[in-house]
Amino acid sequence: MIMPSSDGEGGIRRERTIDRGKTMKATDILQEEHRVILRVLQCLSAAADRAEKEAGLDVESIPKMLEFFRGFADRCHHGKEEAHFFPVARQRGVGCAPASLDSLRAEHEEGRGHIRVMEEELGAAGRGDSQATARFLQHARQYVQLLTDHIGKEDHCLFPTADTLLSTADHEALAKAFEEVEQQEMGAGTHERFHALADELCAQWHVPIPQHSPDPSGCSHT
């Protein structure tokens, strides 16, 4: 199946074609989404750096970052893991000490807490409240570190272990489930909107697109 894509400034949209008889692994799909999330985490870190130097938050782009983290990183990406990937991984006995399924899920909840605080403090911080700004920046820094470490655990421990234990049928079923999340739960066009938002933010904050990623969009369409 070939999904439509578009080229735009700051990012590359490529159609992903899977040869007949071949299916992209579920772990590859999740890793591609990690690449997108990591890029926007760099944007948030850059915005925090500027806020500390200039004593003020960028109230235009930071709400867009929080929208991305709430919608793409948490609802879509973490939603796929919690509803589909983790249960199958648990059934197949997947797990490794630095990245147990229970600890990873707990980190999802911890991340949601950081997002809530940032959303709560953003308004007052944008009006110049120094305490709100300090609290926002504290949770922004913690969120960036949390998700960066979390992604590292999955990419370098959980997913390689899963690839040794999940069957081709498991990967095919998960890829189908992931696409259903995108199309039915998130809604048609939502992924494209989040990819465009990530590209816009990365262009603004001068975050480069990795040159060797197989698909910078991170979209799980197959």
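Helices here are DSSP runs, H or I, of at least four residues, numbered from the N terminus. Before I go on, this is a predicted model, where local features need pLDDT of at least 70 and side-chain atom pairs count only at 80 or more, while totals for chains, interfaces and linings use all residues. Residues are numbered from 1 along each chain as its sequence is written, and side-chain values use heavy atoms, with hydrogens and water left out.

So who lines that cavity? We have Asp74, His78, His108, Gly111, Arg112, Ile115, Tyr143 and Leu147, and α3 brings the largest share, 4 residues. A cavity is a set of points on a 1 Å grid over the protein atoms alone where a 1.4 Å probe fits but cannot get out, and lining residues have an atom within 4 Å of a point. This one holds about 30 Å³, counted as the space filled by probe spheres set on points joined across faces, edges and corners.

Now, the helix pair. The axes of α2 (residues 62-91) and α4 (residues 130-165) come within 14 Å and cross at roughly 30 degrees, which makes α2 roughly parallel to α4; that label covers angles under 35 degrees. Axes are lines fitted to C-alpha atoms over the stretch in contact, with angles from 0 to 180 degrees between N-to-C directions.

Which residues meet? Among them are Phe69, His77, His78 and Phe86 in α2, and Phe136, Tyr143 and His150 in α4, with contact meaning heavy atoms within 4.5 Å. Notice that His78 and Tyr143 also line the cavity. Thanks, everyone!

How values were computed: Helix = DSSP H or I, 4+ residues; strand = E, 2+ residues; numbered from the N terminus. Parallel < 35°, antiparallel > 145°, perpendicular 65-115°, else oblique. 1 Å grid on protein atoms, 1.4 Å probe; cavity = no way out; pocket = protein on both sides within 12 Å on 5 of 7 lines; lining within 4 Å.
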